[in-house]
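Here is a short briefing on sheets and a pocket. Keep the structure open as you read.

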Amino acid sequence: MMMMMSNKPSFKKTNSFPLKTQQAPNSQDQSTSYWRSPHHHHHRIEFPTSPEVPEQGDQIFHAAHPQHPISQTYLPDLFTCASCKEFGSGLRFTCTDCDYQLHDFCALAPPALKRHGIHPLHKLIFFHKPGGILKSRCDICDKPTKGSVFKCTICSFQMHPCCGMLSTEIFNISLHPHTLRLLPMPGQSSNGDPAGLACGECNRRRPGRVYRCTICDYYLHAVCAKNMVNGLRANGFKGIEKASMIGTAAKVASQVVKEFIGGLIEGLGEGVGQVLIQSAARGSS
């Protein structure tokens, strides 16, 4: 999937799914937050049978971007991953020759995941494109799958690479002092529909998997939990999805107006249409 420009061993196997929540390199918060295992090194991620993560600055050639090498870096700005098409911030792999950027977990995603804690019965295969004609959604966060995904070849289960970094339990995080456990999918428990539970992070009710505190009555959406994986929360980005939806609606409305004016001009004739355009231009100025 990639070639490292290094003499280090190429592969490292693990049975855990750890990830330290992202922090800026100069952050004063030295507390450690883990998603699975405490045996974890600074700025490193691990998927089962994934290539060893290079130190920051080491270059790799990725199969999806073979023309230039990409290197791991930390930038606090918002970006869209070229692989999964989702937002991210902080740690990433970037190309110095063009604007190509990848989440670190997308750049280092293995060809397959075996016995993932959230979907342990079947192997999950990494696909660079979601495929299919109909629009599909992630079975963890319920957001659309627009790019790379992990898919089960036996059933219809699929999840974003970022959601693949989540586990059935998360603990020692800044949001909540107790261990959080992933609730069963709707219809598999007596807890009711998780979509009706208010999240302690966003205070909303929405579809998708939900974590519940093992001690108190605290709930956390999986989609909110993944914002600690992709660096959005650590770098102060909130409400990105809502802003994106508003932006999309604005683009659609703008296109409708343009098409309406274009049709009006065509119907009225070139002379009258030119007057309308000039008047609109004066009004906007």
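Predicted model: local features only at pLDDT ≥ 70, side-chain atom pairs only at ≥ 80, totals over all residues.

- Strand 10 runs antiparallel to strand 11 (residues 180-182), and 2 bridges join them.
- Ile 170 has Leu 180 of strand 11 as its bridge partner.

**Sheet 6-7-8-9**
- Another open sheet has 4 strands in the order 6-7-8-9, again with antiparallel pairing.
- Strand 6 (112-113) and strand 9 (158-159) each have a single partner strand, so one side of each lacks a neighbour in the sheet.
- Strand 7 (residues 124-127) and strand 8 (residues 149-152) run antiparallel and are joined by 4 bridges.
- Opposite Leu 124 stands Cys 152 in strand 8.

**Second largest pocket**
- The second largest pocket holds about 440 Å³ of space.
- It is lined by 21 residues, and those closest to its centre are Cys 224, Asn 227, Lys 238, Gly 239 and Ile 240.
- Helix 3 (222-225) and helix 4 (240-268) each give at least two residues to the lining of this pocket.
- Helix 4 supplies the largest share of that lining, with 3 residues.
- Sorted by class, the lining has 10 charged, 7 nonpolar and 4 polar residues.

Notes. Residues numbered from 1 in each chain as written. Heavy atoms only, no water. Pairing = 2+ DSSP bridges. 1 Å grid on protein atoms, 1.4 Å probe; cavity = no way out; pocket = protein on both sides within 12 Å on 5 of 7 lines; lining within 4 Å. Points joined across faces, edges and corners; volume = space filled by probe spheres on them. Nonpolar A, V, L, I, M, F, W, Y, C, P; charged D, E, K, R; others polar.
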